[in-house]
Amino acid sequence: MGRKKMRPLISLDADDVLFRCNDYAVELANKKYDYDPPLSIREIQQWGSNGSRIDIIHEFYKDEEFCRNQPVMDGAREFLLELLKIADVIITTAVPANCMGIRIERIIEEFPFFPRENIIITSRKDVVEADIILDDGQHNVLNSGAAYPVLFRKPWNHTMTGLLSVTSYQQFLTLIKNILNVQTPLYDLEYKKEKIYCIVGPSGSGKTGFVRYLTKNLNMQRMQSYTTRKPFRSDYDKTDYIYITKDCFHQMEDEGLFAETTVYASEMYGTTLLREEDFSGKDFVIPLDICGAVTMQSNHPKRTVLIYLKRSKNELIKSLLQKDIDEDEKTFRLLSLNDELRNEQLCDKTIINDGDYRRMAAELFGK
Ligand SMILES: Nc1ncnc2c1ncn2[C@@H]1O[C@H](COP(=O)(O)OP(=O)(O)OP(=O)(O)O)[C@@H](O)[C@H]1O
Ligand SMILES: Nc1nc2c(ncn2[C@@H]2O[C@H](COP(=O)(O)O)[C@@H](O)[C@H]2O)c(=O)[nH]1
């Protein structure tokens with residue numbers, strides 16, 4: 001399925017996508033066992049057993065009462081209604097046998113407008129042939145044969161890198177509109193048009209270098225990024241990021257200071273909000289993963305342009321192998337390479353990175 005106008009088939013997971021599941025289980029466990037300090041959703045660091053006190057929440061998963069009372073996530077109904085305008089939707093949900101009937105009843109009750117024949121109960125989500133899926137389970141996203149498997153970001157899938165991922169319904173809707181090419185295309189790449197140029201591409205594609213060129217030579221302003229990763233030796237001027245701890249990142253997130261956040265190779269990244277008055281005659285530029293770029297597009301639909309930097313796979317791997325980062329980080333980045341190459345089709349414009357940033361800027365902006 002390319003970027004064309006069509007009605008795609010979207011498969012939506014239910015738990016933690018439409019119904020509150022893990023955070024509701026955490027809430028119930030705190031009430032029942034009175035933990036001090038209370039359990040937090042952020043303690044769920046991986047799918048399945050975590051080997052820590054948070055595993056207590058598993059006792060709710062097979063509980064019929066739990067399934068009967070799971071609250072619908074905020075905005076889920078509006079989201080589903082919006083999605084049905086542009087796509088055929090199936091809800092594909094895995095629940096224990098004793099909860100299957102309850103789950104179907106709940107979906108019908110909470111989403112009465114949803115076609116009941118489109119509810120599929122299965123844990124074999126890999127056999128469902130959808131064009132796009134949205135799921136918080138990384139195994140479901142990785143095993144999916146969908147053209148666009150999308151991960152719903154949650155603390156338990158934080159190590160996944162480079163995949164298409166979203167953190168909100170709004171972001172998912174923007175992504176779908178982008179895939180279907182129903183947004184107003186932004187062909188005008190003129191400079192000094194108060195735009196945000198998001199530079200996207202796999203690790204090693206040259207985003208940092210090109211952004212530095214644009215800020216220095218075209219007077220574009222880099223949007224401010226925060227990260228929890230440690231500075232690399234190659235971050236020589238240390239101004240690309242503000243380096244902060246994970247606790248500090250979460251605090252800023254809770255205070256609503258970020259316009260968008262992502263997780264890449266297990267580390268968090270976030271960009272601060274821009275107000276309308278920040279633009280006045282300026283262009284902004286920022287290297288972003290696809291998740292951040294799609295959010296930016298949803299926050300500033302008339303201003304955002306996604307530019308994909310293209311280098312051959314061989315060159316990307318060579319660059320990555322030479323990068324001054326530890327083995328784990330290199331592995332995460334190498335593993336995500338194929339997924340990141342697919343993000344080209346979601347961008348407005350592709351530019352070949354041949355190492356000549358001046359030529360590339362001229363090709364894009366006529367400068
Ligand atoms: N076309 C090119 N030819 C040769 N080397 C290049 C080219 N483009 C970038 N490089 C080199 O590849 C390395 C990675 O570039 P850069 O850090 O800009 O990529 P990046 O996309 O920001 O990567 P990351 O996402 O990992 O931070 C740098 O050493 C850079 O000098
Ligand atoms: N969504 C966001 N993505 C960001 C941000 N800052 C950087 N990035 C992207 O993360 C990866 C890794 O960056 P690196 O500097 O550690 O190599 C890369 O794809 C960047 O483009 C951000 O604020 N938000």
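User: How does E194 count: buried, partly exposed or exposed?
Analyst: This model is predicted. E194 has a relative accessibility of 25%. Buried means under 20% and exposed means over 50%. The value lies in between, so E194 counts as partly exposed.

User: Where is E194 found, and what is its phi?
Analyst: E194 sits in the loop between helix 6 (169–179) and strand 7. E194 is not a glycine, yet its phi is positive. The value is about 60°.

User: Is D34 buried or exposed?
Analyst: D34 lies in the loop between helix 1 and helix 2. D34 is not a glycine, but has a positive phi of about 55°. The cut-off for exposed is over 50%. D34 reaches 65% relative accessibility, so it counts as exposed.

User: Which residues does a cis peptide bond join?
Analyst: Look in the loop between helix 1 and helix 2, where P37 lies. The omega of the cis bond is about -5°. The two residues joined are D36 and P37.

User: Which residues does I56 touch, beyond those up to four places away in sequence?
Analyst: I56 lies in the loop between helix 1 (22–33) and helix 2 (64–69). I56 is partly exposed, with a relative accessible area of 24%. Leaving out residues up to four places away in sequence, I56 touches A29, Y33, Y35 and L39.

User: How far apart in space are I56 and N30, C-alpha to C-alpha?
Analyst: In sequence, I56 and N30 are 26 residues apart. In space, C-alpha to C-alpha, the distance is 10.0 Å.

User: What is the relative accessible area of N157?
Analyst: N157 is in the loop between strand 5 (148–152) and strand 6 (164–166). Beyond residues up to four places away in sequence, N157 touches D136, Q138, L151 and F152. N157 is buried, with a relative accessible area of 0%.

User: How are helix 7 and helix 13 oriented to each other?
Analyst: Helix 7 covers residues 207–217 and helix 13 covers residues 357–365. Their axes come within 10 Å and cross at roughly 70°. Angles of 65 to 115 degrees count as roughly perpendicular. Helix 7 and helix 13 are therefore roughly perpendicular.

User: Which elements do the buried residues of helix 7 pack against?
Analyst: The buried residues of helix 7 are K207, F210, V211, R212, Y213 and L214. They pack against strand 7 (196–200), strand 8 (221–222), strand 13 (284–287), strand 14 (304–310) and helix 13.

User: What is the orientation of helix 10 to helix 11?
Analyst: The axes of helix 10 (residues 313–322) and helix 11 (residues 327–335) cross at roughly 165°. Angles over 145 degrees count as roughly antiparallel. Helix 10 and helix 11 are therefore roughly antiparallel.

User: How many nonpolar, polar and charged residues are in the contact of helix 10 with helix 11?
Analyst: I317, L320 and L321 in helix 10 meet K330, R333 and L334 in helix 11. By type, these residues divide into four nonpolar, no polar and two charged.

User: How far apart do the C-alpha centres of domain 1 and domain 2 lie?
Analyst: The domain assignment gives domain 1 (9–157) and domain 2 (186–364). Six residues of domain 1 are in contact with seven residues of domain 2. The C-alpha centres of the two domains are separated by 31 Å.

Technical notes: Residues numbered from 1 in each chain as written. Chains lettered and ligands numbered in written order. Predicted model: local features only at pLDDT ≥ 70, side-chain atom pairs only at ≥ 80, totals over all residues. Heavy atoms only, no water. Helix = DSSP H or I, 4+ residues; strand = E, 2+ residues; numbered from the N terminus. Buried < 20%, exposed > 50% of the residue type's maximum accessible area, 1.4 Å probe, protein only. Contact = heavy atoms within 4.5 Å. Axes fitted to C-alpha atoms, helices over the stretch in contact; angles between N-to-C directions. Parallel < 35°, antiparallel > 145°, perpendicular 65-115°, else oblique. Nonpolar A, V, L, I, M, F, W, Y, C, P; charged D, E, K, R; others polar. Domains from an automatic or database assignment.
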